[in-house]
Amino acid sequence: MPSGLPLWRQLCIKWGGIKGLSLGKTPGKTQGSLTGLSQDETLSVSSYEASRFWPKFLLSLWPYLAVAGLLMAYNYLHFDSVTEFGQAYQLTVADQTIYRDLGKHFHWTYAVNGTFSNLLGFQAWTRSFPYVRYGGILVNFPLFLAPALCLLPQMRLAIRNAGLRGIWGCLLGLIPLISFLQALWSPYPLERYRLDLYFLCAISAYIALGLWAQQAPEDLRRQTLANRLALAGLCMAVFLFLLPFDQNPTEVYPHYLEFAEQSLLFLRRWAVCFCSGLFHD
């Protein structure tokens with residue numbers, strides 16, 4: 001972008017469209033897009049004095065505030081509530097009327113129970129393929145526990161030296177916030193809503209593991225552990241994709257699931273035979 005443009009024009013061009021489009025999606029995606037603000041060089045304290053940061057930050061938020069205000073006015077005119085956007089009135093195969101209005105049905109028990117279920121909920125595995133069940137985010141993918149490494153003093157120093165304090169703070173703040181709001185709005189946690197959190201968790205885990213590995217480049221154990229966690233997460237994603245649920249392909253076409261199971265059994269037998277021959281020789 002040309003550096004000669006006024007600051008307000010740079011901010012409008014760079015963030016106006018993104019924010020406006022994000023508000024047309026789910027609330028979680030809207031809040032997740034806030035992480036981009038932390039990487040905007042026009043808001044960097046290193047480029048401008050700290051005393052001038054807040055005016056620029058508030059100016060950068062105006063597209064959010066403008067679109068949000070219009071949507072809230074629209075909701076109030078149609079549904080007599082600024083926080084009800086019409087989902088409870090949809091005519092679909094699912095009972096949408098059980099979705100809660102954030103402004104009318106707030107209770108701390110929804111928030112606490114739903115947040116813990118969204119992050120740490122566990123569903124017992126079964127003996128039938130693909131064996132797994134949807135659980136909490138940190139149960140489905142233990143790799144996303146990597147941000148806990150920031151508790152180490154050397155990790156906090158590495159984050160500061162890398163200039164990642166802004167995006168790191170946004171990530172660690174938005175993940176529980178989005179989960180909290182989802183717990184209030186949705187009557188039960190669904191995997192489709194966790195998608196609003198997965199990409200934020202993945203970015204935070206990538207940053208944490210990358211900086212952690214840089215602390216000791218010669219220590220191959222750290223890289224091996226990170227690679228194994230990533231591989232386990234990839235395998236888990238494949239099995240969860242195959243789980244029949246919510247009108248996905250394996251639920252609509254059960255023979256796809258049977259084909260996947262037979263293919264994995266074939267690969268397993270081939271690997272056993274190959275390894276047996278390799279060690280025998």
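What percentage of the contacts in the protein chain with a separation of 6 or more comes from residues 24 or more positions apart? And which residues have the most contacts inside the largest nonpolar core?

Modeller: Happy to! This is a predicted model, in which local features need pLDDT of at least 70 and side-chain atom pairs count only at pLDDT 80 or more, while totals for chains, interfaces and linings use all residues. Residues are numbered from 1 along each chain as its sequence is written, and side-chain values use heavy atoms, with hydrogens and water left out.

Your opening question has a clear reply: residues 24 or more positions apart account for 61% of those contacts (contact means heavy atoms within 4.5 Å). The chain in which they occur has 12 helices and 0 strands (DSSP runs numbered from the N terminus, helices being H or I of at least four residues and strands E of at least two). Of its 281 residues, 35% count as buried (under 20% relative accessible area, with exposed over 50% and partly exposed in between, for a 1.4 Å probe and protein chains only).

Now to the core itself. The largest one has 32 residues, and Ile137, Phe144 and Ile207 have the most contacts inside it (a nonpolar core joins buried Ala, Val, Leu, Ile, Met, Phe, Trp, Tyr and Cys residues through side-chain atoms within 4.5 Å). Two or more residues come from each of helix 7 (153-161), helix 8 (165-185), helix 9 (191-215) and helix 10 (220-242). Helix 9 gives the largest share, with 10 residues.

With neighbours up to four places away in sequence set aside, Phe144 is in contact with Ile137, Leu138, Tyr198, Cys201, Ala202 and Ala205.

Tyr198 also has an aromatic partner, Phe141: this pair is edge-to-face, 5.3 Å centre to centre with 90 degrees between the planes (rings of Phe, Tyr and Trp, for Trp the six-membered ring, pair if their centres lie within 6.5 Å; under 30 degrees between planes is stacked, over 60 edge-to-face, the rest tilted). Phe141 sits in the loop between helix 6 (137-140) and helix 7, whereas Tyr198 belongs to helix 9, so the pair links parts of the chain 57 residues apart. Phe141 and Tyr198 are both buried.

By way of contrast, Tyr253 and Tyr256 have ring centres 5.2 Å apart and planes at 35 degrees, so that pair is tilted. Tyr253 is partly exposed, at a relative accessible area of 40%, and Tyr256 is partly exposed too, at 43%.

Gln182, which lies in helix 8, is buried, with a relative accessible area of 10%. Beyond residues up to four places away in sequence, Gln182 touches Asn118, Tyr193, Asp196 and Leu197.
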